[in-house]
Amino acid sequence: MSLILVSGMPGVGKTTIMRKLSVELRKHNVPVAGFYTEEVRESGDRIGFDVVTFEGQRAPLARTNVSHSNNPTVGRYSVSLNEFERLAIPALDERHSAEIITKGVLLLDEIGRMELKSRTFQERMNGIVKEVDIGKLRFIATVPLKSAGIDVIERLKRNKICQMFHVKPSNRDEMYGDIKDATMRLISS
């Protein structure tokens, strides 16, 4: 099994890479589980993020124009825990399907501060780290460039099988090719 982590500044193209990988994997009949996050814009301004499964289901992750006193915040964003968990947790739990275990890949964009506001997500991530550690799961995820102090990311980075890719505006096209090649090696092993 294998572990690939993709880092880079916000807006550099990490999500685009993950979406392209999911399409490429499906072309090779490789089952995919997981989700990605997508910006939500209104009149050109970013007002939040949605979580989107690789099956196309969508739910709010965070918004600027919503203020519920019981929702945690990250910067100016209010994190929609209930909506996020309703969609993201089942998408992560698909990793237990026989198809994913035997020949599939769990793709996750991203392991970030908003997602980690969910205790349930944190628990699932701890399980994923254990599965990766014992070689039970093929896992590709994006992580923030500044992830120091985020325990689950630090544990993944320390894994001896971890391959790290750093995406920048100047290398994003080349990095997609490198990540795609590493992914193809991952699924053929």
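How many residues lie between β2 and β3 in their hairpin? The hairpin has two residues between the strands, and Ser43 in the turn has a positive phi of about 50°. The model is predicted, so local features need pLDDT of at least 70 and side-chain atom pairs count only at pLDDT 80 or more, while totals for chains, interfaces and linings use all residues. Residues are numbered from 1 along each chain as its sequence is written, and side-chain values use heavy atoms, with hydrogens and water left out. Helices (H or I, at least four residues) and strands (E, at least two) are DSSP runs, numbered from the N terminus.

**The sheet**

- Nine strands make an open sheet with mixed pairing. Their order is β5-β6-β4-β3-β2-β7-β8-β1-β9.
- β5 (73-74) and β9 (162-167) are the edge strands, each pairing on one side only. Two strands pair if DSSP finds at least two bridges between them.
- Strands of a sheet pair through backbone hydrogen bonds, either parallel or antiparallel.
- β2 (residues 32-42) and β3 (residues 45-53) run antiparallel and are joined by eight bridges. Glu38 has Asp50 in β3 as its bridge partner.
- β3 also pairs with β4 in the antiparallel sense, over five bridges. Here Phe49 has Ala62 in β4 as its bridge partner.
- β3 and β4 form a hairpin with four residues between them. Gly56 in that turn has a positive phi of about 100°.
- Seven of the nine residues of β3 are buried, so β3 is largely enclosed by the rest of the structure. Buried means under 20% relative accessible area, exposed means over 50%, and partly exposed is in between (1.4 Å probe, protein chains only).

- α2 (residues 81-93) lies across β2, β3, β4 (58-63), β6 (77-79) and β7 (105-109). It runs at about 130° to β4.
- α2 has 13 residues and reaches 17 Å from its first C-alpha to its last. That is close to the 18 Å expected at 1.5 Å a residue. The expected span is 1.5 Å times one less than the number of residues.
- The buried residues of α2 are Leu81, Phe84, Leu87, Ala88, Ile89, Ala91 and Leu92. Their cover includes β2, β3, β4, β6, β7 and α4.
- α2 packs with α4 (residues 119-133) at an angle of about 10°, and the axes are 10 Å apart. That makes the two helices roughly parallel, a term for angles under 35 degrees; over 145 is roughly antiparallel, 65 to 115 roughly perpendicular and the rest oblique.
- Axes are lines fitted to C-alpha atoms, for helices over the stretch in contact, and angles run from 0 to 180 degrees between N-to-C directions.
- On the α2 side, Phe84, Glu85, Ile89, Leu92 and Asp93 meet α4. On the α4 side, the residues are Arg119, Thr120, Phe121, Arg124 and Ile128. Contact means heavy atoms within 4.5 Å.
- By class, this contact has five nonpolar, one polar and four charged residues. Ala, Val, Leu, Ile, Met, Phe, Trp, Tyr, Cys and Pro count as nonpolar, Asp, Glu, Lys and Arg as charged, and the others, Gly among them, as polar.

**Helix α6**

- α6 (residues 172-188) has 17 residues and reaches 24 Å from its first C-alpha to its last. The expected value at 1.5 Å a residue is 24 Å.
- Its buried residues are Met175, Tyr176, Ile179, Ala182, Thr183, Met184 and Leu186. They pack against β1 (3-8), α1 (14-27), β7, β8 (139-144) and β9.
- Thr183 sits in α6. At 0% relative accessibility, Thr183 counts as buried.
- Leaving aside neighbours within four places in sequence, Thr183 is in contact with Ile4, Leu21, Leu25 and Ile140.

**Backbone details in loops**

- The peptide bond from Asp109 to Glu110 is cis, with omega near 20°. Glu110 lies in the loop between β7 and α4.
- Asn29 has a positive phi of about 60° although it is not a glycine. Asn29 lies in the loop between α1 and β2. It is exposed, with a relative accessible area of 62%.
- Ser43 lies in the loop between β2 and β3. Ser43 is likewise a residue other than glycine with a positive phi, near 50°. At 77% relative accessibility, Ser43 counts as exposed.
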